[in-house]
Amino acid sequence: MSAPPRFYDDGLIQLDREALTLRRYHFPSGTSKIIPLHAIRGYRSTPLGLFMQRFRIWGSSDFRRWLPLDARRPLKSTLVTLDVPGTYPDPACTPERPAEFVGLLGELLQESR
């Protein structure tokens, strides 16, 4: 008997056993960025800054991380920055359900190693 599928999708971020998809990532086309799980070395989860990233709807305010288009970002509380070797700036996202997303991301990264 196989384990139930583990999956996260909030409309802008999709995470499954194979990859993390950040929808509306690339500017100006709005195409998705698909990052295979085996390419993610780690991640940092931090409170979303009051001014620096919270009101940045798309792009970067500090040139260290890139955020996909998210009109609801000012209402969110958690910033997740991914460590993907060979990628600059670091991809980042603001999940709708941060505890669920970070928990599943940690589990899936452990399994992929």
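Student: Which residue's side chain meets that of E100 in a salt bridge?

Tutor: Side chains of opposite charge can pair when their charged atoms come close. A salt bridge here is a side-chain nitrogen of Lys or Arg within 4 Å of a carboxyl oxygen of Asp or Glu. In this case E100 meets R97, with 2.7 Å from N to O. Please keep in mind that this is a predicted model, in which local features need pLDDT of at least 70 and side-chain atom pairs count only at pLDDT 80 or more, while totals for chains, interfaces and linings use all residues. Residues are numbered from 1 along each chain as its sequence is written, and side-chain values use heavy atoms, with hydrogens and water left out.

Student: How many salt bridges does a search of the whole structure find, and which residues are linked in a network?

Tutor: The search finds 11 salt bridges, and a network of them links R6, R17, E107 and E111.

Student: Are D62 and R65 buried or exposed?

Tutor: The words rest on relative accessible area, found with a 1.4 Å probe and protein chains only: buried means under 20%, exposed over 50%, and partly exposed lies in between. Both D62 and R65 are buried, and they form a salt bridge whose closest N and O atoms are 2.7 Å apart. By contrast, R17 is partly exposed at 44%, and E111 is partly exposed at 42%. Over the whole chain of 113 residues, 43% count as buried.

Student: Where does P28 lie, and what is the peptide bond from F27 to P28?

Tutor: Most residues other than glycine have a negative phi, and most peptide bonds are trans. The bond from F27 to P28 is cis, with omega near 0°, and P28 lies in the loop between β3 and β4 (33-36). The bond from Y88 to P89 is also cis, with omega near -5°, and P89 is placed in the loop between β7 (78-83) and β8 (90-93).

Student: What is the phi of R24, and what is that of F63?

Tutor: R24 has a positive phi of about 60°, although this residue is not a glycine. R24 sits in the loop between β3 and β4 and is partly exposed, at 42% relative accessibility. F63, again a residue other than glycine, has a positive phi near 60°. F63 is found in the loop between β5 (42-47) and β6 (65-66), and at 59% relative accessibility F63 counts as exposed.

Methods
Helices (H or I, at least four residues) and strands (E, at least two) are DSSP runs, numbered from the N terminus.
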